[in-house]
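Student: I would like to go through the terms used for this structure and see what each one rests on.
Tutor: Then let us take them one at a time.

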Amino acid sequence: MEHLWFKRSLTQVSAKTALDTWIYQSPVCIETPIIPDGCRDFIFKRTPNGTIHWLISPLDTTTTQVSINAGTDMVGVRLRPGTQINETALLKWSRCHDPLELLDVDRLDEFCTLRISTVEILDCLKGAASVGNAASELGVSVRTLQREVKQSTGTTPKFWLALARVRQTCRLLATCQDLAEAAALFGYADQAHMTRDIRRWLGVTPIGFMANQELHQQLYQRGYG
């Protein structure tokens, strides 16, 4: 089982909907914050007794605290932002198959889809000043944009706009640490507005974020924005 686990863990997943793969091993019990990255993950957890469980993470809207037991190993596939999962078909398939097969080559694409239009919209929202500006750039109405994003991601264009902005702002703060400059550069009304936004998404103030190396590392992992 050990050989099979690591062999599949290190397989290069080539699914079109996969953004990245990762491995995490926890020698001690920890509780760690996980910040929103605009992605959902397929996560496989192996407990110290060798039992393997799997789950699909939600699309987080705020930072969550995750507890991990000592000796737990995890392997994950991070899906591209906006990927839709046919969970009904996946659950039916998993009753008759080893879920670890999802780590093989492009198997995930049998259950995951990503519209080209969704990719274009989310790419546009990453750099837009407003939802209206993004709609104009894409040549569609705001209502059309809202409908497309809601149908494909389950949330709103404002969610993606705000998520991209806060992640971009915090990446700047990780190196610059000039709060006023960051607030102005990313279109916040003032420094207090930026502080509220960072606290809402990350659960810490800008000063708290700048002192937290773990959050810095997460922001530089592949995700949205």
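**Terms and their grounds**

Tutor: Val 105 counts as partly exposed because its relative accessibility is 45%, and the term covers what lies between buried (under 20% relative accessible area) and exposed (over 50%), with a 1.4 Å probe and protein chains only. The model is predicted, so local features need pLDDT of at least 70 and side-chain atom pairs count only at pLDDT 80 or more, while totals for chains, interfaces and linings use all residues. Residues are numbered from 1 along each chain as its sequence is written, and side-chain values use heavy atoms, with hydrogens and water left out.

Student: Where does Val 105 lie, and what is its phi?
Tutor: Val 105 is in the loop between helix 2 (87-94) and strand 8 (112-113); helices (H or I, at least four residues) and strands (E, at least two) are DSSP runs, numbered from the N terminus. Its phi is positive, about 45 degrees, although Val 105 is not a glycine. Most residues other than glycine have a negative phi.

Student: What makes Phe 111 buried?
Tutor: Phe 111 has a relative accessible area of 8%, and therefore it counts as buried. Phe 111 also lies in the loop between helix 2 and strand 8. Leaving out residues up to four places away in sequence, Phe 111 touches Gln 84, Ile 85, Asn 86, Ala 89, Leu 90, Trp 93 and Leu 102; contact means heavy atoms within 4.5 Å.

Student: Why is Thr 88 called exposed?
Tutor: Thr 88 has a relative accessible area of 66%, so it is exposed. Thr 88 lies in helix 2.

Student: How do you know that the buried residues of helix 4 line one face?
Tutor: The buried residues of helix 4 (residues 131-138) are Val 131, Ala 134 and Ala 135. Seen down the axis of helix 4, they fall within an arc of 100 degrees, so they line one face of the helix; the arc is that of the directions from the helix axis to the C-beta atoms. An α-helix has 3.6 residues a turn, so residues three or four places apart point the same way. On the other side of helix 4, Ser 136 and Glu 137 are exposed. The cover over the buried residues of helix 4 includes helix 3, helix 5 (142-153) and helix 6.

Student: What makes helix 3 oblique to helix 6?
Tutor: Helix 3 (residues 116-126) and helix 6 (residues 157-173) pack at an angle of about 50 degrees, with their axes 8 Å apart. That angle makes helix 3 oblique to helix 6, because angles under 35 degrees count as roughly parallel, over 145 as roughly antiparallel, 65 to 115 as roughly perpendicular and the rest as oblique. Axes are lines fitted to C-alpha atoms, for helices over the stretch in contact, and angles run from 0 to 180 degrees between N-to-C directions.

Student: Which residues of helix 3 and helix 6 meet?
Tutor: From helix 3, Leu 122, Leu 125 and Lys 126 meet Pro 157, Trp 160, Leu 161, Ala 164 and Gln 168 of helix 6. By class, the residues of this contact are six nonpolar, one polar and one charged; Ala, Val, Leu, Ile, Met, Phe, Trp, Tyr, Cys and Pro count as nonpolar, Asp, Glu, Lys and Arg as charged, and the others, Gly among them, as polar.
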